[in-house]
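Subject: Structure for your review

Dear colleague,

Please find below the structure that I am handing over to you. I would be grateful if you could read the notes after it with the model open.

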Amino acid sequence: MQTSQKILIIGNGMVGHHFVEQMRQSDANADITVLCGEANLAYDRVYLSSVFDGKTAADLALTTHDNYKQLNINVHTSQWVEGIDRSAKIVTTLTGEQYPYDKLVLATGSFPFVPPIKGNDQPHCLVYRTLEDLEQIKASAAVSKSGVVIGGGLLGLEAANAIKQLGLDTHVVEFAPQLMAVQLDGQGGTLLKNKIEELGVTVHTSKATSEIVKGETSRFRLNFSDESFLETDLILFSAGIRPYDQLGKIADLELGERGGIIINNQCQTSDPDILAIGECALWDKKLFGLVAPGYNMARVAASQLSGGELEFLGADMSTKLKLLGVEVGSIGDAHAKTPDCKELIYQDAIRGCYKKIILSEKGDKLLGAVLVGDTSDYDTLLQYMLNDMDLPENPECLILPDSGGVPSLSGSALPDTATICSCHNVSKGDIVGAIDGGSCDLASVKSCTKAASGCGGCAALLKSVVDNELASRGVEVNNHVCEHFAYSRQELLHMVKVESIKSFDDLLTKHGSGHGCEICKPAIGSILASTWNDFILEPAHVGLQDTNDTYLANMQKDGSYSVVPRIAGGEITPDKLIVIGQVAKDFNLYCKVTGGQRIDLFGARLEELPVIWERLIEAGFETGHAYGKSLRTVKSCVGSTWCRYGVQDSVGHAIEIENRYKGLRAPHKFKMAVSGCTRECAEAQSKDIGIIATENGWNLYVCGNGGMRPRHADLFATDLDTPTLIKYIDRVIMFYIKTADKLQRTSVWMENLEGGLDYLKSVVIDDSLGICDELEAQMELITQTYACEWKKAIESPDAAKRFRQFVNSPETDDNILFVQERNQIRPATEAEKREQRNTQNRIPVMEVEEEQADVLA
Amino acid sequence: MSWHNIGTIDNLVANSGVCALVNNQQVAIFYIPQNPTAVFAISNYDPIGKANVLSRGIIGSIDNKLVVASPLYKQHFCLETGECLEAEAIHLPVFNAKIEDGSVFISSEPKVTTAVA
Ligand code: SRM
Ligand SMILES: Cc1cc2nc3c(=O)[nH]c(=O)nc-3n(C[C@H](O)[C@H](O)[C@H](O)COP(=O)(O)OP(=O)(O)OC[C@H]3O[C@@H](n4cnc5c(N)ncnc54)[C@H](O)[C@@H]3O)c2cc1C
Ligand code: SF4
Ligand code: FES
């Protein structure tokens, strides 16, 4: 390995940065210096638009000065390179600084092309490439009503999305007769246009802009060559990119006819000591405007400079994106240019999707594809093309919706050479290797191969490969709670019981390491609570709880809390309704009826919680445990009391059951419902415990839920009398609490129980393990020691102290601010907060500045 | 450096956090009695969740770094350096903190102020 060769890199974009990392990895001693033209170190340009969804520059950063320092890389920001002296091997910057090199790497990327239209150089005529451009767009949008993007390619549509999100009336003007002419065919382009117009962006195709003049109703008028015109306040050029190759020109390197610094398979330019990578490089007459090929070149260049033999042999330009919410994919030969190829088209005007596959002459290989409106087949199609795999006999099934028996390529069907992540060049074989090397979950495969950490497009495929591999080896997935305890939740529970451990510290000293974390602390808090039923706010337990448990209320996005009193079975008296209303009025809280048949009051400040609860408890309310991993609600329908079909008193039962299990801590929250007849108005079959009345008693359903992955509950037993019903519920719930993993809901718990439903029935109904007496006794103990936590909290002398915002001041949090909407409060947005602060001129200017500094910090 | 007395040690909660107003800045103060350094102070503002909530996070350790997990979106902030383990570019202001004669003192200005770009 060569030692301390001087490597100088010009440009710290995505590719330049990737090179630096690769170079440092393959040569620990190289003397590496980076000249970065922008003020920011490398950031994720691909996700530039996410800044409009609230991401910050920091979120996009790919590295930091500290990080470079640690890697022993010299970096100079805002250093624009002006000259290269090849014979002296020295580079000169705009400010006159000089840097010597042994090997020079050009990673200068490209710049947006602004077509030579008269008037294109005025203020509010902008481009979209860098973080600085974004600032200008934001500033201009703030004083504009409408915006036009010139250029309807991939980047143009991204840009249109951006200015639409800034609230402008948005138009796209495209010279060609269709959108995304590079990636899509005519029909795909037309569908995309229709879909985008449905979203409120106006698209003008076949329009050539001839000049930009002063507008009548807006800042500008665009005059088109067909005499029509369009008025707008802001213009964003996105008419393609051009390689930043002027340094190549200055240094007299060979350039392509239409620009780009020519490189060979080793990424060397015509001067072997100068390499070029990324968007500025021209390989085999091709420029590559995507990150994956750029990263590939970076790897090749690093390998070259450290004695390796990697070569760059071109790249696949397939892309999958979501533009303005519309899914678009383009694979391989999308324009069907291969001689004698065949096309297969599926078009669905109702769902708005268009899929075309391009097949080889014999119809046995996939050459390309165009997908608009639905890219769910993208991964499979791409793998067929990249791996040159034989297509199934009826290739149309690849794009027909749910045609049954679709041979979707799950991880197992792929050859080991299949590329899974093209950004980081990770093959299926690499993933198998990582798993062989000890990675036993998705996260560690990701961190060890870097797969799915570039554009993210391969995440779904990666997961499928990893899951498949793990499953095929019957790998027992590591179920350790976290890095501090090498045990599962169940093992910890056993230790707590057998060794009579009563505090987290005790358990940590005996069986753990480090200080614990936000994963093991609440899990153990819950184990301690369900085993010993101590008040969860005993001093020894306080630090174990999530803020929601500590303050007995759910934290909202702005740091305020919600208040949810229990309304068992959803039944409430007029007087109690009035109390809730009065309390909400007195404390200016937002009121909403929840999906769980009760009322949620939002916007309470920390220090208001005890006072609000005092009022509610005085009126006979209790905590609703909306914050805890515990029973939420028992939903009911009105039942036989009023309903003409009801066969049992579902409300009465729901109330009785809610009161029995309220406050019970469990691995996750659990919900119940009671319906008065088979019409099932309480939706009991979507609950952890569902009860449906029959002529003869009750049918019990278990282990259902709504939420992220809905699951219908399974019928467990039929026509039970009330005591048996309660007995079975006691047993099921207690068995769940004793044996489920942390944060595992009953559905997942049951699915993972060996033997499933039948096993659960044998344990609970036939008492096959002989533990039912113990389960019932445990439940009895807990139901008898129930106490309303909020009552305890406000009665304790230090309640007011515990709920202070500041330990040393009566002030309140000045960052919790509301505005009115539909006659109630809602949290102010960041922009509204700034406005409120600015208009409160009683605050001295000094303080405003400090607050803002705080906001930035 | 000037110190701000925020009251006696009973204001702190062992193995957990509280918030104090120091020189108009919200400071989250964490107390780990069995640790060689027992008190830590960082800004209370979570720049990712954009709310003043860090004093209400759970504290613990990740790879031997003492951290607090934001109660909003669970990013970890180092109690000693203020760095965010999930977003390298974010560094929270860190304050000096000490216990003297049963009272808790916080420096009126942060130690390092690395503004986020
Ligand atoms: C308020 C409410 C929405 C509403 O306005 O209606 C709500 C609000 C929240 N839900 Fe919910 N869920 C509410 C009914 C539901 C329902 C419907 C129901 O209960 O019938 C469901 C689907 C049913 C189910 O759970 O099986 C539901 C499925 C979830 C899930 C997904 C759970 C899952 O297993 O997939 C979460 C996330 C979690 O728990 O991890 C969640 C989490 C949350 C959290 C706790 C999110 C958070 O951490 O801030 C919200 C707390 C708000 C608050 O401060 O009270 N909420 N949530 C409902 C309160 C019901 C109540 O009175 O207690
Ligand atoms: C909005 C947007 C969305 C995109 N979406 C995708 C996507 O979904 N998928 C995808 O694969 N690609 C996408 N791309 C393209 C991708 O960002 C680029 O392919 C990638 O950034 C190229 O990296 P690079 O390092 O070659 O160039 P760049 O990232 O442009 O970096 C080059 C750097 O060099 C600097 N520089 C230039 N000349 C000099 C000089 N003389 N002196 C000093 N510094 C200099 C420049 O200022 C720049 O910082 C997108 C691009 C944009 C703008
Ligand atoms: S569905 Fe999502 S947003 Fe709505 S209350 Fe539940 S968690 Fe909150
Ligand atoms: S393909 Fe881009 S991250 Fe894997």
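Predicted model: local features only at pLDDT ≥ 70, side-chain atom pairs only at ≥ 80, totals over all residues.

Ligand 2

The shell around ligand 2 consists of 28 residues, and the closest are A:Glu38, A:Arg45, A:Arg129, A:Glu279 and A:Val291. By class, this shell divides into 14 nonpolar, ten polar and four charged residues. Helix H1 of chain A (residues 14–26) supplies the largest share of the shell, with three residues.

Several polar contacts to oxygen atoms of ligand 2 can be listed. From the side chain of A:Glu279, a polar atom lies 2.5 Å from an oxygen atom of the ligand. For A:Arg45, an N or O atom of the side chain is 2.8 Å from a ligand oxygen. A:Val15 takes part through its backbone, with an N or O atom 2.9 Å from an oxygen atom of ligand 2. On its own, ligand 2 has 1,000 Å² of accessible area, of which the protein covers 95%.

Ligand 1

Ligand 1 has 20 residues around it, and those that come nearest are A:Gln556, A:Ser562, A:Gly595, A:Arg598 and A:Gly706. The make-up of this shell is two nonpolar, eleven polar and seven charged residues.

The side chain of A:Arg745 places an N or O atom 2.7 Å from a ligand oxygen. For A:Lys592, the corresponding side-chain distance is 2.8 Å, and for A:Lys671 it is likewise 2.8 Å.

Cavities

The structure contains three cavities of 30 Å³ or more. The largest cavity holds about 70 Å³ of space. Its lining is formed by A:Pro112, A:Tyr128, A:Arg129, A:Leu155, A:Phe237, A:Ser238, A:Ala239, A:Gly240 and A:Ile241. Six of these residues are classed as nonpolar, two as polar and one as charged.

A:Ser49 sits in the loop between strand S2 (31–35) and helix H2 (57–60) of chain A. Is A:Ser49 buried or exposed? Its relative accessible area is 10%, which is under the 20% cut-off, and A:Ser49 therefore counts as buried.

With kind regards

How values were computed: Residues numbered from 1 in each chain as written. Chains lettered and ligands numbered in written order. Heavy atoms only, no water. 1 Å grid on protein atoms, 1.4 Å probe; cavity = no way out; pocket = protein on both sides within 12 Å on 5 of 7 lines; lining within 4 Å. Points joined across faces, edges and corners; volume = space filled by probe spheres on them. Nonpolar A, V, L, I, M, F, W, Y, C, P; charged D, E, K, R; others polar. Near = heavy atom within 4 Å. Polar contact = N/O pair within 3.5 Å; in protein donor to acceptor, adjacent residues only side chain to side chain. Areas by Shrake-Rupley, 256 points an atom, 1.4 Å probe, with all protein chains shown as cover. Helix = DSSP H or I, 4+ residues; strand = E, 2+ residues; numbered from the N terminus. Buried < 20%, exposed > 50% of the residue type's maximum accessible area, 1.4 Å probe, protein only.
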